[in-house]
Amino acid sequence: MEWRHKDLLDVTQLSKEEVQHVFETATYFQEINSRPVKKVPTLKGHSVVLFFAEPSTRTKTSFDMAGKRLSCDTFSLAKSSSSLTKGETLKDTALTLQAMNPDGIVLRHWASGAAQFLAERLDCSIINAGDGRHAHPTQALLDGFTLYQEWGSLEGKTVLILGDIAHSRVARSNLTLLNKMGAKVRFCGPRTLLPPYIKNWDAEVYTDINEACKGVDAVMCLRLQLERQQDGLLPDLREYSNYFGLGHKQIELANPDVKIMHPGPMNRGVEINSELADCEASLVLDQVASGVATRMALLYLYLTRKK
């Protein structure tokens, strides 16, 4: 397939066939990650700036490792070490970076729409690594790829996304991708952590975790994003854990071969029972491994596209 996109801003840009192509490309790169020498010259001579204006461990390291395994030169830039702290605008910082002629910029930013803002102004590829509450397309693609490796197809499966839906860009991008690939999505969380317009989304909505877990094929727990929440949305973490933390009782209501996911970082004992996070049904570490392969696929597709 000839890749036609310059930028990855959200999974809404991708057709079902293009998502499938990402999965198949990631499958190829996943094999490279299992070799004794995990490096190929595929992107030798290319360069990517990892511009993370918000803290990140998994996503930034995953992109860095993905680039290096393809022999791509990666350069890291954080807000604290950039001229943003001196009052420079995002546009000027980005134009400065473009003047150095990178092939791509991987951007994480606290403002929704920041990736699109750069994509409209810069010639190099922009890959959205999470912008505000808007989208996290690479997380959705790696989550979908993780399930694709387990099931072969997402068609007809039911996935429950549990927790802080209102503040989650992961929930929004996963809803789009899972529906696109034929899966059904359920959301469950406290009413205060469900966005007011959720009734317009293509998903079943629950506020009772036991009802939400009945018959599902996978449960994806979300991190409580306390840094984005206003005071008073939750009485306390213990009450949240009692009513919305994933435990053994809820897993027994799901399908027998249910899969458990969490995009991380996990708050064990709050969002998910610690034993469940480590049990055989857990795909948490598979998601991390899939993340490297998926981001290798994305760097390859976007940096080698026909211009």
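Which strand holds the place of N128? Select strand β4, residues 125-131: N128 sits there. Helices (H or I, at least four residues) and strands (E, at least two) are DSSP runs, numbered from the N terminus.

Before going on, note that this is a predicted model, where local features need pLDDT of at least 70, side-chain atom pairs count only at pLDDT 80 or more, and totals for chains, interfaces and linings use all residues. Residues are numbered from 1 along each chain as its sequence is written, and side-chain values use heavy atoms, with hydrogens and water left out.

**Stop 1: N128**

Stay on N128. It counts as buried because its relative accessibility is 1%. Buried means under 20% relative accessible area, exposed over 50%, partly exposed in between (1.4 Å probe, protein chains only).

Now show its contacts (heavy atoms within 4.5 Å). Leaving aside neighbours within four places in sequence, N128 is in contact with L8, L9, L107, A115, H134, A135, P137 and T138.

Look at the side chain of N128. It reaches the backbone oxygen of L9 at 3.0 Å. It also reaches the backbone nitrogen of G130 at 2.8 Å.

**Stop 2: the five-stranded sheet**

Next, select the open sheet with strand order β7-β6-β5-β8-β9. Its five strands pair in parallel. Two strands pair if DSSP finds at least two bridges between them. The edge strands are β7 (204-206) and β9 (259-261), and each pairs on one side only. On average, neighbouring strands of this sheet are turned by 20 degrees against each other, direction ignored.

Zoom in on β5 (residues 158-162) and β6 (residues 184-188). They pair in the parallel sense over five bridges. Pick I161: its bridge partner in β6 is F187.

Axes are lines fitted to C-alpha atoms, for helices over the stretch in contact, and angles run from 0 to 180 degrees between N-to-C directions.

**Stop 3: the nonpolar cores**

A nonpolar core is a set of buried Ala, Val, Leu, Ile, Met, Phe, Trp, Tyr and Cys residues joined through side-chain atoms within 4.5 Å. The largest has 58 residues. Select L141, L147, I161, I165, F187 and Y302, which touch the most other members. Helix α11 (residues 284-303) gives the most to this core, with nine residues. Apart from it lies another core, of 24 residues, among them L193, Y206, A212 and V219.

Finish on I165. Beyond four places in sequence, the residues I165 touches include F187, L194, W201 and L222.

Terms used:
Polar contact = N/O pair within 3.5 Å; in protein donor to acceptor, adjacent residues only side chain to side chain.
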